[in-house]
Amino acid sequence: MKKNIKTIAIIGGGPSGCALATLLNRRGFKVAVFYVAKRPEIIVGESLVPAIIPMLRELGIEDEVKSYSTYKPGASVWVNKDEEATSPFGFGEGSLPPYAYNVPRVNFDKTVFDLAVREGVQFFEQIAKIEKTGNGDELKLSDETIKGINDFFKGQPDLIVDASGRSRTISRFLNLTTKNGYRKDIALFSHMTGTEKIEPFNIHLHRLEKGWAWRIPLPGRTSVGVVINPKHLESYGATKEERYDNYLKSEPTLQKFTSMGKRDTAVMQYDNYQVISQKMYGTNWVLTGDAGGFLDPIFSSGLFLAIKGSFRLANIIGDGTNPEYSRYQKEQLLELKMWQRLVDTWYSGSLFTLFKVGQDRMDTALGRKLGPQFQKHLTRIFSGEAVYVGYSRRFLNFVTGSMLTLMKVGRLHNRNIKDLEIK
Ligand SMILES: Cc1cc2nc3c(=O)[nH]c(=O)nc-3n(C[C@H](O)[C@H](O)[C@H](O)COP(=O)(O)OP(=O)(O)OC[C@H]3O[C@@H](n4cnc5c(N)ncnc54)[C@H](O)[C@@H]3O)c2cc1C
């Protein structure tokens, strides 16, 4: 990695790009962001976790986010259409605020964008094109791109940051090795009105007979998303709207909560996620946010990790040495790996099995002793803290793994984890 970086081009004006631009601008770097103004009608990434709140405060945008969002005090998980487990964030008892927000994403992105504009970051409404310089993996902005910004950098920028989200501009261009998750799900979502009221404004996560769903209460609307293996979807129609509408009608849980509602937007489709680049930096480039890797929508970690990565990066750009960039890469990959472990407990069925076993044994001495511990550490999954507190991580690892096995061997339960896996 080059030293003495003074000028930086950021590809992508989403949350990770704009947060990074603001932080670098505050540190005196010359920064330009390439962005695309046209946005879809609705965008996923509406449920925030408490772990993001300290960063919103540091950026100085929490009050603005609060003004158009719903106040999210916790998360509710449904094993089937009638059994719900609610985790108010306060149960986590950790160091994080006991709340987050559900944000209309278009507003949220505008808030982070406007902040950077207010603070003097230069934006260019233009798709950034990159090319190889011919010197190893070194990159440059294409002549056309440089021309489009009136030679803002007086030549090439010292550093190119890829914050282009799932476009993964640099990763694709350099054909970087990726680690791809085993889930190949498709997510379909829309905003609805008139659906079952949600109060307080928790995110609701539903295990379905096929796949899973979210319901996120937004002001005046509910975001309803379904995450399904594509093989289940084909029989529901040809278009994404037909598939989504018919699926909602066919799933007993979704029927219960949405049948009285009406879809207010088009249906948006997302696929091909769970892709993580194994290299996060090169000679004069670095990846942040989803451009580096995105895991999975469950547990709402996306925006938190995207902005956290930008905070981490802002601390090393400048005098950063190779070991510092190497540590950045290591930390980013390790963090995604730790989140992946939690995500796996959702899909494998072990989290639901734990819930059922807990219910079965609630009235035993062991149940009474472990109950509050479960409550605390499971809540930390939804607040984002579980990954960062070693004890919580180990506890959750143990209770969703060895403990369930040992209890089964000791005939303390006879449930099969596979029965509750997400199909
Ligand atoms: C189904 C699903 C559900 C999700 N739900 C949640 C959730 O509830 N909570 C949560 O926190 N996260 C969620 N996420 C993840 C979240 O959406 C992302 O983690 C987040 O958007 C990442 O922000 P980013 O800034 O890295 O990328 P993005 O938000 O994708 O922004 C990248 C920007 O770069 C622009 N761009 C791309 N290429 C170029 C180019 N060449 N030149 C200029 N601009 C370019 C794009 O137009 C875009 O505006 C979900 C993701 C999925 C797939």
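Select β4 and strand β13 (residues 203-207): the two pair in the parallel sense over four bridges. Strands are DSSP runs of E with at least two residues, helices are runs of H or I with at least four, and both are numbered from the N terminus. Two strands pair if DSSP finds at least two bridges between them. This is a predicted model: local features need pLDDT of at least 70, side-chain atom pairs count only at pLDDT 80 or more, and totals for chains, interfaces and linings use all residues. Residues are numbered from 1 along each chain as its sequence is written.

Stop 1: Pick A75. Opposite A75 stands I203 in β13.

A residue is buried if 20 or more other C-beta atoms, placed from the backbone, lie within 10 Å of its own; 12 or fewer makes it exposed, and anything in between partly exposed. In strand β4 (residues 74-78), four of the five residues are buried, so the rest of the structure largely encloses the strand.

**Stop 2: the ligand.** Show the shell around the ligand. It holds 36 residues, and the closest are G12, G14, G165, G289 and G302. The cut-off is a C-beta atom, placed from the backbone, within 6 Å of the molecule. Select α1 (15-26), β2 (30-35) and α10 (302-314): these elements each give two or more residues to the shell. α10 gives the most, with four residues.

Colour the shell by type: 19 residues are nonpolar, 14 polar and three charged. Nonpolar means Ala, Val, Leu, Ile, Met, Phe, Trp, Tyr, Cys or Pro; charged means Asp, Glu, Lys or Arg; the others, Gly among them, are polar.

**Stop 3: the domains.** Colour domain 1 (7-68 + 103-179 + 275-339), domain 2 (186-270) and domain 3 (349-420). These bounds come from an automatic or database domain assignment. The C-alpha centres of domain 2 and domain 3 lie 28 Å apart.

**Stop 4: the whole chain.** Zoom out. The chain has 15 helices and 20 strands. Its C-alpha atoms fill a box of roughly 70 × 45 × 40 Å, taken along the principal axes. Of the 423 residues, 45% are buried.
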